[in-house]
Amino acid sequence: MDPKPAKQEKDQCFSTGGYSFPGIPKFDDPYKSRQWQLEHMAAAFRVFARKGFTEGTAGHISLRDPVQPNTFWINPFGVHFGMLKASDMVQIDEEGQVIGGNKVAVNAAGFKIHSAIHKARPDINAACHTHSVAGKAWSTFGRPLDIISQDTCTFLGIQTVYEDFGGIVLEDAESERITEALGEKNRVVILQNHGILTTGATVDEAAYLFTLMERSCEIQLMVDSTNLPKRFVGPKEAEYTAKVNQDPETLFIEFQPDFNYEVWKSNGEIASGL
């Protein structure tokens, strides 16, 4: 089967004029892949800082290591998202021990949540969770987002709700229940009375899903506050839109404007070190 027509069809979803927009790069060297991914991880944190997704020491992004896939990278404890660069990230193993990178403490609850997800879902390479304002507000209802816009079609069939709250996640049982709620195919989960969590094949995908879900929670709250009747996107139209929007390469590309802005704004600092 010739892959070119499929790629051309995908390119047409984003741009026109005879030129392709670059998608997810391929690496022969896993160490180069690691550096590239850590730079994108650092940029994701800075995007979250710019959008106001910070709250004390809460919040974390994890990234499966391409060199040692049974380990992952996570942010250092107590450092503001807006200050992070690639060399600040901490490599941690399945037992919660720091084994590489920046050898400092990490968030215990963050380790519990992310380690359970990475163990259960080999298809997930990155996960994002912060205590963002709209996500926290919407989570109190314990219900999924309505499919009421082109953007929320992205969540069709891949969102779920963890309908419980067992307190701060310091026990294996709570993190395992969150992972069970995520299931085998879902990519985003609303944690009741807690916030939102998103995942992806790349950190770019997971981060874009988080920014989109946070904004969608905000819009849902605005819409519901009017008490006016809502018109939902039709099933066929929602499915058609979701098929395009949910593609990992599509979601990667959607994050690139924010990524490139943070690289430009940092004057190369994001990629420093390591």
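Where is Asn 267 found? Asn 267 sits in the segment after helix H8 (248-266), and we will come back to it in point 6.

A word on the ground rules, as this is a predicted model: local features need pLDDT of at least 70, side-chain atom pairs count only at pLDDT 80 or more, and totals for chains, interfaces and linings use all residues. Residues are numbered from 1 along each chain as its sequence is written, and side-chain values use heavy atoms, with hydrogens and water left out.

1. **The sheet.** Let's start with the open sheet, which is formed by eight strands in the order E4-E3-E2-E1-E5-E8-E7-E6, with mixed pairing. Strand E4 (98-101) and strand E6 (159-162) stand at the edges with a single partner strand each, so one side of each lacks a neighbour in the sheet. On average, neighbouring strands of this sheet are turned by 25° against each other, direction ignored. Helices (H or I, at least four residues) and strands (E, at least two) are DSSP runs, numbered from the N terminus, and two strands pair if DSSP finds at least two bridges between them.

2. **E5 and E8.** Strand E5 (residues 126-130) and strand E8 (residues 195-200) are paired in the antiparallel sense over five bridges.

3. Helix H3 (residues 108-120) lies across strand E1 (60-64), strand E2 (72-74), strand E3 (90-92), E5 and E8, and runs at about 35° to E1. Helix H5 (residues 172-182) lies across E6, strand E7 (188-191) and E8, running at about 150° to E6. Axes here are lines fitted to C-alpha atoms, for helices over the stretch in contact, and angles run from 0 to 180 degrees between N-to-C directions; contact means heavy atoms within 4.5 Å.

4. **Cysteines.** A search of the whole structure gives zero disulfides, a disulfide being a pair of cysteine sulfur atoms within 2.5 Å. For Cys 128, the nearest cysteine sulfur is that of Cys 217, 14 Å away. Cys 128 is buried at a relative accessible area of 0%, and Cys 217 also counts as buried at 0%. The cut-offs are under 20% relative accessible area for buried, over 50% for exposed and partly exposed in between (1.4 Å probe, protein chains only).

5. **Arg 187.** Do have a look at this arginine, which lies in the loop between H5 and E7. Arg 187 counts as buried, at 15% relative accessibility. Leaving aside neighbours within four places in sequence, its contacts include Glu 205, Thr 198, Thr 199, Gln 246 and Leu 251.

6. **Two positive phi values.** Most residues other than glycine have a negative phi. Asn 193 has a positive phi of about 60°; Asn 193 is in the loop between E7 and E8 and is partly exposed at 42% relative accessibility. Asn 267 has a phi near 55°, also positive, and counts as exposed at 73% relative accessibility.

7. **Helix H8.** H8 has 19 residues and reaches 26 Å from first C-alpha to last, close to the 27 Å expected at 1.5 Å a residue; the expected span is 1.5 Å times one less than the number of residues. H8 bends by about 40° at Gln 256, and Pro 257 follows within four residues. The bend at a residue is the angle between axes fitted to the seven residues ending there and the seven starting there. Buried residues in H8 include Leu 251, Phe 252, Phe 255, Gln 256 and Phe 259.
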